[in-house]
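Subject: Structure handover

Hello,

The structure is below, followed by notes on what was found in it. Please read the notes with the coordinates open.

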Amino acid sequence: MIKLEKVNISIKNEPILKDVNLNLENGRCYGFVGRNGSGKSVLFKAISGLLKIESGMISIDGVEINPKNPLKDVGVIIESPMFIASLSGFDNLKCLAGITKKISDEEINSCLEKVGLEEANKKKFKNYSLGMKQRLRIAQAIMEDPTIYILDEPFNGLDEKGVQDVHEIILDLKARKKMILLTSHDDRDIEKLNDYIFKIENRSVVNV
Ligand SMILES: Nc1ncnc2c1ncn2[C@@H]1O[C@H](COP(=O)(O)OP(=O)(O)OP(=O)(O)O)[C@@H](O)[C@H]1O
């Protein structure tokens, strides 16, 4: 379980989130909504351990998460990962998979297939369209089959088929009892996929 207790976050002395308390359990999908700039990405970065909080505590199963001890076993889409422009989609994923050496080439290919990039996986990343880049980010987040998924706007730039593919991927993750944190500006994604919805408003996170 991921727990946030009285979490306060400021960036450059500007308070962004105040007194956030959350209990996030395995096997659930949590949707976060809120206006542009309300703090969704900042919250996701803090939960991932990519950002230092001002006060309070973020923990997983009792162990503190912070930039010195970031969340592990997690697939993250927050900022653009550093894909290499001159490499194909497959080679980019192979490079990243090489860090942990957990998965085979076949598993990478099956992931590319899941996100609908089987045809394009030999094209260089620099020649990918916006939607293809987003599909590759999703493949990268799911490829090692982590337990937790932190997906900030995973539907950005996707066409209708792409949105449908990612819905199916998320429903499959839910069926396999993964924890998913999700943001989307489209209420249809949020309503279809999430068990719980939180709104970020006036620096607070409230139940919807
Ligand atoms: N690196 C940064 N430096 C300064 N301010 C920042 C930085 N990152 C985020 N912020 C500020 O934190 C606030 C929350 O930003 P955040 O990106 O979390 O919003 P969001 O809810 O994800 O918005 P959107 O829906 O547009 O993606 C904004 O006021 C933003 O300007």
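Are H4 and H5 roughly parallel or roughly antiparallel to each other? H4 and H5 are roughly parallel, a label given to angles under 35 degrees, whereas those over 145 count as roughly antiparallel.

Two remarks on the source. This is a predicted model, in which local features need pLDDT of at least 70 and side-chain atom pairs count only at pLDDT 80 or more, while totals for chains, interfaces and linings use all residues. Residues are numbered from 1 along each chain as its sequence is written.

Helix pairs

Helices (H or I, at least four residues) and strands (E, at least two) are DSSP runs numbered from the N terminus. The axes of H4 and H5 are 11 Å apart, and the two helices pack at an angle of about 10°. Axes are lines fitted to C-alpha atoms, for helices over the stretch in contact, with angles from 0 to 180 degrees between N-to-C directions. On the H4 side the contact (C-beta atoms, placed from the backbone, within 7 Å) is made by Gly131, Arg135, Ile138 and Ile142; H5 supplies Gly162, Val166 and Ile169. By class, that contact has four nonpolar, two polar and one charged residues. Nonpolar covers Ala, Val, Leu, Ile, Met, Phe, Trp, Tyr, Cys and Pro; charged covers Asp, Glu, Lys and Arg; the others, Gly among them, are polar.

H4 (residues 130-142) also meets H2 (residues 89-100): their axes come within 11 Å and cross at roughly 30°. H2 is therefore roughly parallel to H4. Gly89, Asn92, Leu93 and Leu96 of H2 make this contact with Leu136, Ala139 and Gln140 of H4. Here the residues divide into four nonpolar, three polar and no charged.

The sheet

Six strands form an open sheet with mixed pairing, in the order S6-S7-S8-S3-S9-S10; strands pair if DSSP finds at least two bridges between them. S6 (74-77) and S10 (204-207) stand at the edges with a single partner strand each, so one side of each has no neighbour in the sheet. From one strand to the next the twist averages 15°.

S3 (residues 29-33) and S8 (residues 179-183) run parallel and are joined by four bridges. H5 (residues 160-175) packs on the sheet, touching S3, S7 and S8, and its direction makes about 150° with that of S8.

The ligand

Residues around the ligand include Lys12, Gly37, Lys40 and Ser41, where near means a C-beta atom, placed from the backbone, within 6 Å. H1 (residues 40-48) gives the most to this shell, with three residues.

Regards

Methods. Parallel < 35°, antiparallel > 145°, perpendicular 65-115°, else oblique. Contact = placed C-beta atoms within 7 Å.
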